[in-house]
Amino acid sequence: GTEILVVGRGFHIRGTLAILERMFGLLDRDFNLSFLEVSDAGIDESLLAARKKKEHESLQQLLGTIQRLQTLPDLHKWLHEEHRCYSVSRQHEIGYISPEVKNMLY
């Protein structure tokens, strides 16, 4: 099968793993996914704590969402129409800073 190495930050790797395992699991090909978690060193501790909290909450929602993605068209629709980072119609939401994070920054 095809070997794929995915590199990601520690706070982000679980969500990445969940999405990619679902995506590659829907393909009719043999893939071997490997994940390399890189250090979160250098990120301010308060920002890292906020990011970990956000990622944890997002992961819980993502795990529920993934259950309904049973086909590649399902995944494509979700990724390009619903996912905040990849949906063109939701790009205006990028850059929104929650009140919690604003309090830590300012």
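Modeller: Before we start, helices (H or I, at least four residues) and strands (E, at least two) are DSSP runs, numbered from the N terminus. What you see is a predicted model, where local features need pLDDT of at least 70 and side-chain atom pairs count only at pLDDT 80 or more, while totals for chains, interfaces and linings use all residues. Residues are numbered from 1 along each chain as its sequence is written, and side-chain values use heavy atoms, with hydrogens and water left out.

Biologist: Fine by me. In what order do the elements of the chain run from the N terminus on?

Modeller: Strand β1 covers 2–9 and β2 covers 31–38, with helix α1 at residues 13–26. Helix α2 takes residues 45–67 and α3 residues 72–82. Read from the N terminus, that gives β-α-β-α-α-α.

Biologist: In which sense do β1 and β2 pair?

Modeller: Strands count as paired if DSSP finds at least two bridges between them. Here β1 and β2 have eight bridges. Across the pair, Val-7 stands opposite Leu-36 in β2. The sense of the pairing is parallel.

Biologist: And which hand does the unit made by β1, helix α1 and β2 have?

Modeller: Picture the strands pointing away from you: a crossover is right-handed if the path from the first strand over the helix to the second runs clockwise. For the β-α-β unit of β1, α1 and β2, the hand is right-handed.

Biologist: Which residues form the nonpolar patch on the surface?

Modeller: Patches take residues with over 30% relative accessible area and no salt bridge, joining like charges within 9 Å and nonpolar side chains (Val, Leu, Ile, Met, Phe, Trp, Tyr) within 5 Å. The accessible areas come from the Shrake-Rupley method with a 1.4 Å probe, and for residues only the protein chains shown count as cover. This patch has about 340 Å² of accessible area together, and β1 and β2 are the elements that give two or more residues to it. Its members are Leu-5, Val-7, Leu-36 and Val-38.

Biologist: Is Leu-5 buried or exposed?

Modeller: Leu-5 lies in strand β1. Buried means under 20% relative accessible area, exposed over 50%, and partly exposed in between (1.4 Å probe, protein chains only). At a relative accessible area of 55%, Leu-5 is exposed.

Biologist: On to charges. Which residue forms a salt bridge with Arg-51?

Modeller: A salt bridge needs a side-chain nitrogen of Lys or Arg within 4 Å of a carboxyl oxygen of Asp or Glu. With the closest N and O atoms 3.0 Å apart, the partner is Glu-55.

Biologist: What N to O distance goes with the salt bridge of Glu-57 and Lys-53?

Modeller: These two also lie in helix α2, four residues apart. Glu-57 is partly exposed at 45%, and Lys-53 is partly exposed at 39%. Their side chains meet at 3.8 Å.

Biologist: Which helix holds Lys-77 and Glu-81?

Modeller: Lys-77 and Glu-81 form a salt bridge, the closest N and O atoms being 2.9 Å apart. Lys-77 is partly exposed at 43%, as is Glu-81 at 46%. Four residues separate them, about one turn of helix α3.
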